[in-house]
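Subject: Structure for you to look at

Hello,

Please find the structure below, as promised. My notes on it follow.

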Amino acid sequence: MASDQVTLLDLWASPFGMRVRLALAEKGVKYEYSEQDLVNKGALLLQMNPVHKKIPVLVHNGKPVCESLIIVQYIDEVWKDKAPFLPSDPYQRAQSRFWADFVDKKIYDFGRKIWTEKGEDQEAAKKGFIDSLKLLEGELGDKPYFGGETIGYVDIALVPFYTWFYAYETIGNFSIEAECPKLIGYCMRCLKKETVSKSLEDPKKVYDFVVMLRKKFGIE
Amino acid sequence: MKYSMAEEIKVFRSWSSRFALRIIWALKLKGLEFDTVYEDLTNKSPLLLQYNQIHKKVPVLVHNGKVICESLVILEYIDETWKQNPLLPEDPHQQANARFWAKFGDDKVLQSIWGGVFLKEGKEQEEGVAASMENLKYLEEEIRGKKFFGGETIGLADIALGWLAHYLDIFEEIVGVKLIDHEKFPSLAAWKQEFANAPIIRENWPDRDKLVTKYVAMREANLGKGTPK
């Protein structure tokens, strides 16, 4: 097989980008990481993602794949021989897809409102966020990972958001661990894996980034 | 006593839901027999609420007792379980492309047309129209030269975008705004015709007059509780 050319267009603090980094790490795929400037977007990004002009974008042998969960599924299908993310049974696959979609619909949106909103809107976001994490705790049950004994699709979808928890907690003035100790325990367990710890960013650095964004957007 | 278990497929839908319609299309395109449970979404059955505790919505697919929710998730399940008339291609990059356009349809096209145009008026609607046109341009480029988004046959993206081939005309008529114009979007307009008249699809559109009545009421209710102009 000819050597694959794999490039990831990304932004260091993006949890969506971290999903792809984690997926590539799990499969042991070598790739070139290309940090993008989202204020002055480069020609390559605009060419590879003309519709959304966003990261992450995976460029594999010159062909782009966009949207983080679509990229993760693509990686799973192309590099089939190692660490499958999705189970082989269609019903189990549907469950994994459902919960990854749940993370997209709930965790990101509520999380974003925690650091962009104030007052009642922020309180509502905090509640929605915690309620959603509790539903995820229920789904996790007694399993070490959502994927069972090994990291799977839902783990890849969710665990990068852990890096933003410190920012949510500090800005929202609440403790996620107090409400969802099981979920935090799960995140700690994931971080013990080298693929996870090397794909995820430092929460304190992410917090500084969020503070910078808030200043920039005039949210105080 | 030995017996063979027949496939038991049940779809929970409402008569008008464009999301549930995707499931009806997919099952019929695969030649599958199934039971339909019609839900009144103003008075949801205990069974629906039990099956879809998280979102409490239609569609829900129940296959031999296994419950699957979320229309795009259900479509992938159907395609993986019944291999005839595949909705997704084999090639991973083409699969990613199909998923991309299905997601673009829901995240951007549907949002801009429904939320930005249909449920709005005045200046807000003008902005919604502009945003919708931008989104439709991308669809136009993608469909150009192809019969369906899936190529020669109906695929995942066609099913996800299929509401454009019936519901959009109704929305356009109610608000008096033409979005998919033959001149501006010739390829997309051609796809609409092709899809709307395709076997199976053409036999399963909900009643047009009933839809008009329903959506007129929804628009009025939404505008009524809006902020003053």
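I will start with one lysine in chain B: a polar atom of the side chain of Lys30(B) lies 3.4 Å from the backbone oxygen of Asn85(B). Please keep in mind throughout that this is a predicted model. Lys30(B) sits in the loop between α1 and β2 (35-38) of chain B. Its relative accessible area is 4%, so Lys30(B) is buried. Setting aside residues up to four places away in sequence, Lys30(B) touches Ile78(B), Asp79(B), Trp82(B), Lys83(B), Gln84(B), Asn85(B), Pro86(B) and Leu87(B).

Ser17(B) is in another loop of chain B, the one between β1 and α1 (18-29). Ser17(B) counts as buried because its relative accessibility is 10%, the limit being under 20%. Beyond its neighbours within four places in sequence, Ser17(B) is in contact with Val58(B) and Tyr167(B).

The strands of chain B

Strand β3 (residues 60-63) of chain B is covered on both faces. Val60(B) and Val62(B) are buried on one side, and Leu61(B) and His63(B) are buried on the other. β3(B) runs antiparallel to strand β1 (residues 9-13) of chain B, and four bridges join the two. Within that pairing, Val62(B) is the bridge partner of Lys10(B). β3(B) also pairs with strand β4 (residues 66-69) of chain B, again in the antiparallel sense and over four bridges; here Leu61(B) has Ile68(B) as its bridge partner. β3(B) and β4(B) make a hairpin with two residues between them, and Asn64(B) in the turn has a positive phi of about 50°.

Helix α8 of chain B

In helix α8 (residues 186-196) of chain B, the buried residues are Ser187(B), Leu188(B), Ala189(B), Trp191(B), Lys192(B), Phe195(B) and Ala196(B). They pack against α1, α5 (122-143), α6 (156-161) and α7 (167-175) of chain B.

Where the two chains meet

Chain A puts 27 residues into the contact and chain B puts in 23 residues. The area buried between them is about 2,300 Å², and carbon and sulfur atoms give 68% of this. Val51(A), Tyr91(A) and Phe98(A) supply 25% of the area that chain A buries against chain B, more than any other three residues.

Nine residue pairs are in polar contact between chain A and chain B, counting pairs with both residues at pLDDT 80 or more. On the chain A side, β4 (63-66), α3 (68-78) and α4 (90-116) each supply at least two residues. α4(A) gives the most, with 12 residues. By class, this side of chain A has 15 nonpolar, three polar and nine charged residues.

From chain B, His93(B) in helix α4 (residues 92-118) is worth a look. His93(B) counts as buried because its relative accessibility is 16%. Apart from its neighbours within four places in sequence, His93(B) is in contact with Lys63(A), Pro64(A), Val65(A) and Tyr74(A).

Salt bridges

Side chains of opposite charge can pair when their charged atoms come close. The whole structure has 26 salt bridges over all chains, and there are six salt bridges between chain A and chain B.

One that crosses between the chains joins Glu80(B) and Arg93(A), at 3.1 Å from N to O. It runs from helix α3 (residues 71-81) of chain B to helix α4 of chain A. Glu80(B) is buried, since its relative accessibility is 17%, and Arg93(A) is buried at 15%. Glu76(B) forms a salt bridge with Arg97(A), where the closest N and O atoms are 3.3 Å apart.

Within chain A, Asp76(A) and Lys27(A) meet in a salt bridge of 2.9 Å, N to O. This pair links distant parts of the chain, with Asp76(A) in helix α3 and Lys27(A) in helix α1 (residues 15-27), 49 residues apart. Asp76(A) is buried with a relative accessible area of 11%, and Lys27(A) is buried with 5%.

Within chain B, Arg22(B) forms a salt bridge with Asp106(B), the closest N and O atoms being 2.6 Å apart. Arg22(B) is in helix α1 of chain B and Asp106(B) in helix α4 of chain B, 84 residues apart. Both residues are buried. Elsewhere, salt bridges that share partners join Glu77(A), Arg93(A), Arg97(A), Glu76(B), Glu80(B) and Arg99(B) into one network.

Regards

Notes. Residues are numbered from 1 along each chain as its sequence is written. Chains are lettered from A and ligands numbered from 1 in the order in which they are written. This is a predicted model: local features need pLDDT of at least 70, side-chain atom pairs count only at pLDDT 80 or more; totals for chains, interfaces and linings use all residues. Side-chain values use heavy atoms; hydrogens and water are left out. Contact means heavy atoms within 4.5 Å. Buried area is the accessible area (1.4 Å probe) that two parts lose on being put together, summed over both. A salt bridge is a side-chain nitrogen of Lys or Arg within 4 Å of a carboxyl oxygen of Asp or Glu. A polar contact is a pair of N or O atoms within 3.5 Å; within protein, one must be able to donate a hydrogen and the other to accept it, and residues adjacent in sequence count only if both atoms are side-chain atoms. Ala, Val, Leu, Ile, Met, Phe, Trp, Tyr, Cys and Pro count as nonpolar, Asp, Glu, Lys and Arg as charged, and the others, Gly among them, as polar. Buried means under 20% relative accessible area, exposed over 50%, partly exposed in between (1.4 Å probe, protein chains only). Two strands pair if DSSP finds at least two bridges between them.
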